[in-house]
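Please find below a note on the structure under review.

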Amino acid sequence: MVDGVRMRDGRWLAVEERGDPDGTPVVLLHGTPGCRLGEVPEHVLAAHPAVRFIAYDRPGYGGSDRLPGRRVADAARDVAELADALGLDRFAVLGRSGGAPHALACAALLPARVRRAAALVSPAPPDAEGLSWFDGMAESNVEEYTRALTDPLGFAGRLAARAAAIRRDPAQLLVSVRDGLTDADRRIVSAPAVGETLLRTYREALRTSAYGWLDDTLALLSGWGFDPATVTRPVLLWHGALDTFSPVGHFKWLADRIPRARPVLEPDAGHFGALEAVPAVLDWLCATPPRR
């Protein structure tokens with residue numbers, strides 16, 4: 001069995017730890033689809049020897065049991081139980097893409113435990129007032145999200161078929177999203193180390209089923225269970241201005257509403273530019289805030 005933690009409700013949560021066991025703890029919230037593997041590249045791990053990296057598979061992915069009907073806010077409960085099991089009092093959280101709202105949930109709902117949070121290329125809530133949610137989004141994503149909202153059973157069947165195909169050939173997922181990739185994104189994912197990591201991640205994420213992917217998508221498109229405006233912890237928001245998966249309007253909406261947000265907008269980056277931003281983000285997450 002994959003290493004992990006038994007939740008109070010009986011679910012198994014698959015966990016991967018890297019780095020210094022006595023280092024500054026950072027909990028990693030993976031993308032959609034994704035898993036506990038490869039959220040931080042090897043060279044970044046080596047460059048941050050004083051960090052304790054803790055990653056887990058959200059329910060339904062990889063080695064974690066499913067939690068049907070979960071909301072984004074439920075990540076805070078899982079992270080709190082995981083931290084309890086590992087003996088962690090306070091920690092930082094880092095989420096990328098579909099994992100970013102889950103990191104914000106931890107910051108909002110665990111204010112006594114989350115030191116700092118980083119949300120990279122995060123979508124905004126689907127009920128974001130004043131935001132035209134699909135503006136600037138790749139057509140493939142618009143079609144998928146619309147199908148999920150209007151025909152969830154059909155969407156579930158489609159994802160199951162896609163997951164089966166990706167298990168046979170994980171590179172199919174990268175091919176399927178090409179219309180949303182900027183030139184900068186293509187450069188990043190074409191690097192052998194990045195490509196291999198992404199393929200390993202997709203293979204593990206979907207090795208048993210598409211349930212994690214399905215539940216993630218439905219959670220991101222439903223009420224999140226918390227208001228980003230209630231986040232009181234320091235939050236670094238990183239975004240690429242050319243992102244067509246999480247359009248820049250989402251970033252601006254979040255930056256305007258999270259009280260202690262530190263917005264960073266990279267003008268020439270797309271969605272996968274977040275991978276190159278991770279070292280600087282980690283430096284900020286692990287820095288000791290000045291005394292007030």
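1. Aromatic pairs. The predicted model contains 3 aromatic pairs. One of them joins Trp133 and Tyr145 in an edge-to-face arrangement, with 5.6 Å from centre to centre and 65° between the planes. This pair bridges distant parts of the chain, 12 residues apart: Trp133 belongs to the loop between strand S6 (114-120) and helix H4 (139-150), while Tyr145 belongs to helix H4.

2. The ring cluster. Trp133, Phe134 and Tyr145 are linked by ring pairs into a cluster. Trp133 has a relative accessible area of 11% and is therefore classed as buried, the cut-off being under 20%. Between Tyr145 and Phe134 the C-alpha atoms are 9.4 Å apart, with 11 residues separating the two in sequence.

3. Surroundings of Tyr145. Which residues does Tyr145 contact once its neighbours within four places in sequence are left aside? They are Trp133, Phe134, Met137, Thr217 and Leu221.

4. Helices H5 and H9. Helix H5 (residues 152-168) packs against helix H9 (residues 211-220) at an angle of about 135°, and the axes are 9 Å apart. H5 is therefore oblique to H9. The crossing of H5 past H9 is right-handed.

5. Helices H7 and H11. How are H7 and H11 oriented to each other? The axes of helix H7 (residues 183-190) and helix H11 (residues 273-286) cross at roughly 70° and come within 8 Å, so the two helices are roughly perpendicular to each other. The residues that meet are Asp185, Arg187 and Ile188 from H7, and Gly273, Leu275 and Glu276 from H11.

6. Charges over rings. Two arginine side chains deserve mention here. Arg66 places its charged end over the ring of Tyr211, at 3.9 Å from the ring centre. Arg116 likewise has its charged end over a ring, that of Trp284, with 4.4 Å to the centre.

7. Cys106. Cys106 is located in helix H3 (residues 100-109) and is buried, with a relative accessible area of 0%. Leaving aside neighbours within four places in sequence, its contacts are Ala75, Ala76, Val79, Val93, Pro111 and Val114. The C-alpha atom of Cys106 is separated by 9.4 Å from that of Ala92, which is 14 residues away along the chain.

8. Backbone geometry. Most residues other than glycine have a negative phi, and most peptide bonds are trans. The peptide bond between Thr32 and Pro33 is cis, with omega of about -10°; Pro33 lies in the loop between strand S3 (24-29) and helix H1 (42-47). Ser97, although not a glycine, has a positive phi of about 55°. Ser97 is in the loop between strand S5 (91-96) and H3, and is buried at a relative accessible area of 11%. Val121, again not a glycine, has a positive phi of about 45°. Val121 lies in the loop between S6 and H4 and counts as buried, at 0% relative accessibility.

Note on methods. Residues numbered from 1 in each chain as written. Predicted model: local features only at pLDDT ≥ 70, side-chain atom pairs only at ≥ 80, totals over all residues. Heavy atoms only, no water. Phe/Tyr/Trp six-rings, centres within 6.5 Å; stacked < 30°, edge-to-face > 60°. Helix = DSSP H or I, 4+ residues; strand = E, 2+ residues; numbered from the N terminus. Buried < 20%, exposed > 50% of the residue type's maximum accessible area, 1.4 Å probe, protein only. Lys NZ or Arg CZ within 6 Å of the ring centre and 35° of its normal. Axes fitted to C-alpha atoms, helices over the stretch in contact; angles between N-to-C directions. Parallel < 35°, antiparallel > 145°, perpendicular 65-115°, else oblique. Left-handed = near helix turned anticlockwise from the far one by under 90°. Contact = heavy atoms within 4.5 Å.
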